[in-house]
Amino acid sequence: MQLGSIRFWRLACMWSLSLAVYSALASDPAIASEPAVANDPAKANAEEETFFETKIRPLLADSCIECHGPKQASGGLRLDSHAALLKGGETGPLLQAGKPDSSLILRAVRREGELHMPPDAPLPKQAVEDLTRWIESGAKWPASHSTPIPSNKKHWAFEPLSNTPIPLDPQGWASRPIDQFIAAERNKKGLKPVELADKTSLIRRAYFDLVGLPPTPEQIEAFMADESPSAFGTVIDQLLSSQRYGERWGRHWLDLVRYADTAGDNADYPIPQAYLYRDYVIDALNADLPYDQFLREQLAGDILAKADPQTSAAEYARLVTATGFIAQSKRIGTRELEDMHLIIEDTLTTLGPAILGLSIRCARCHDHKFEPLTMQDYYALYGFFASTQYPFAGAEEVRKQTKFAPLLPPAQTQAKIAAHQAQVAELKTQVAALEQKSAEATSSTSNSTSTKPAGDTAVKSAETSGGAEAAKSPASTETPSDSTEIATQLKTLREKLAALEKADPLADVPTAYAVGELEPTDVPIQTNGNPRTSESSTVRRGVPKVLDDSTLQIPAGTSGRLEFANWLTARASPLTARVMANRIWQYHFGKPLVATPSDFGFRGTPPTHPALLDWLAGEFIASRWSIKSMHRTIMLSKTYQLSTQADARNIEIDAGNTLYWRFDRRRLDAESLRDTILMLSGTLDLSRPGPHPFPEPAKWRFTAHHQFNAVSYPSDHRSVYLMVQRLHAHPYLSLFNGADPSLSTPSRDSSTVPLQALYLLNNLQVHQQATAFARQLLTQTEDSSQRIQSAYLQVYGRRPTPVESEKCTKFVSHYAQLLATEGQPADSIEPEAWASLARALMASNEFFYVD
């Protein structure tokens, strides 16, 4: 065989294997059984309405309605209704549904003709893209309800937790409460659960669930050898005590709070301190910080930090850093904290769905169309954050950080300020004394000159030249050389004083991308969501009336954020607990009990097991909001420990496994996949990396046309520590459905595309990791069968069958022969052959999924 044909054969094999992997992924039952979301008209309509209410209506309200609304209709044009848009103004109809390029409104905002709108400054690029997408999809304008949904309308999510008795299982399968609730619903449909998973599948499932990494061969063998009833419980406890746990479950929370390392403004300025909040989340989960306290710290940590003068410096810094939850709101525009109403809107857009499971944002411009939430509710919540100082990371027109939160307690910062002021005062005293001395010297010299007519010319000459003779003159006490020295000293002191007065006394104090208190304020309702057209009366800060019609008691001089945070886990605790319990269940089973985990409102999906959800929420509260306790409760159930095997009869009745007659096979997420490949190669760095290597702030010259765009920095650390930009997708994370850092992500998409298979087979980094993994196998033993055993244990968490072992042996042998024929150096043939096997294992379906 000729060299060229061998290379072609290898390339063809790689492509065919890529397609085989893609076919395996696409035809996998775990994917095939997923509902076709795109074919669900109700969901599609809901998504279109949400897009309009969250993107288009606010855009029109912010940029158009002031000149083209009910109070003023410039050019005979109004943009406050669908009919008005279609009618147009003096220049004719503004849009053609489905045809953005033919729509006058889009040409105007693109500034493609004589008409430029808005006239003062162009819309942000994202706004133009949103408008284009809306017109492309048909420019649908949802009809408004004539009256909002009444706040007294009954809804399961707003009710107190039910106290349903735990049902007994007449078949005797269930003995724990979770299993009893599941069995009760399953028995109604005549379904029978499949058998429990084998121990190798169970330990791999538990490891990926709790720490996002596979078990080592030694950990697998230890579990297999432990035949005690508490063996699996021991594994759970070991994993919950691992530092890797917080890295895994911290990523889930970071999805919800749309964490990013950049601000999201027009230039997407970097935030070197953002990582502190990420690390706070990881540490809080590792410490099993009670969820109610977790929320309090993120919403009001700065207030808690200052409440006790005895708070240590470390605790003070931790509490202040926690408010990065609020600070993470996307920044807008090119100036310092421009369009604060949109920054606060982003805060509420995240807080409502993430914590309460309610979409609050739609009540900004009008009473909510689908929920019993009014504009008064929206601006009552808005007031908490209008009374909050947000930090500014920099932007195109202001290229510096401002209003970041100091991480030293007030006493220490005040001491630094006092020391700085003392230095300034001391310098001022020295300057004043020297100025007095200089004046006296000048006066003395002048008097000496006026009383000595003889030799006057010589003295002047000496003064002018600063010569030594004048200094020796017995006629005066202050000589010209003394005056020159005083002047030099005075100049130096004045320059030092000017620099010290200009210097920031807290410049060396570490800061966080966190918030603080402002002068508390209640805000008026913004007509159409536009702060320039606000009503005259204000709305008292408070909470949605549908959840609590009492008045929140806010101490004078405070924002009320602490009282709001306390309310979330006190009077609103049933809803808050339901939402989080549902999320914990979701991350364990791959699907939530409430299919819309961030929408528990009227438009959301009711729970498949309402009694179970309320029991879980009650247990969560009873455990003092312990997330780790919830893990143990769920994972020790038989329902969690079921195998993924199919059952033809059950599939006919419940193809989607809604009633949990088996465990759903789940695909590795982007982070677990990357981390596992690094772990197999032996290159995974489990230390915490600290700040990202951003450019020096003095070099920041980012603009809307030259945005900060580092995409990613090389790293062998866990994927949770990768730098993530808000406006530029990380190439790897986006390929494997990582979270969108611009939006709260309650559940990730799960796409299957050929590029994923091609990445696993052809990407240079994957090749490097596979080569490193192969080297480890080669150094472990000379025995090929033992190498294959080790490879399977590490990659799949199990031993190979005899048939698999034989196939792998033949594959390596055949590949080595081809390399030799191709002329590959002899010393590289074996490593390359085993590296090829490693790539094949890493690109396989079994590696990519968890049973």
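Helices α16 and α17 cross in a right-handed way; a crossing is called right-handed if the near helix is turned clockwise from the far one by less than a right angle, and left-handed if anticlockwise. The contact is made by Met 340, His 341, Ile 344, Glu 345, Thr 347, Leu 348 and Leu 351 of α16, together with Tyr 378, Leu 381, Tyr 382, Phe 385 and Ala 386 of α17. Here contact means heavy atoms within 4.5 Å. Sorted by class, the contact of α16 with α17 has nine nonpolar, two polar and one charged residues. In this sorting, Ala, Val, Leu, Ile, Met, Phe, Trp, Tyr, Cys and Pro count as nonpolar, Asp, Glu, Lys and Arg as charged, and the others, Gly among them, as polar.

A word on where this comes from: the model is predicted, local features need pLDDT of at least 70, side-chain atom pairs count only at pLDDT 80 or more, and totals for chains, interfaces and linings use all residues. Residues are numbered from 1 along each chain as its sequence is written, and side-chain values use heavy atoms, with hydrogens and water left out.

Most residues other than glycine have a negative phi, and most peptide bonds are trans. With that in mind, look at Met 117 and Pro 118, which are joined by a cis peptide bond with omega of about -10 degrees. You will find Pro 118 in the loop between α5 (104-110) and α6 (125-136).

Two arginines are worth a stop as well. Arg 258 is not a glycine, yet its phi is positive, at about 45 degrees. Look for Arg 258 in the loop between α11 (243-256) and α12 (275-286). Is Arg 258 buried or exposed? Arg 258 is buried, with a relative accessible area of 2%; buried means under 20% relative accessible area, exposed over 50%, and partly exposed in between (1.4 Å probe, protein chains only). Arg 624 also is not a glycine and has a positive phi, of about 60 degrees. The loop between α24 (610-622) and α25 (627-635) holds Arg 624, and at 69% relative accessibility Arg 624 counts as exposed.

Our last stop is Thr 703, in the loop between α28 (670-681) and α29 (731-735). Thr 703 is buried, with a relative accessible area of 13%. Which residues does Thr 703 touch? Leaving aside residues up to four places away in sequence, Thr 703 touches Asn 266, Ala 267, Glu 396 and Arg 399.

How values were computed:
Helices (H or I, at least four residues) and strands (E, at least two) are DSSP runs, numbered from the N terminus.
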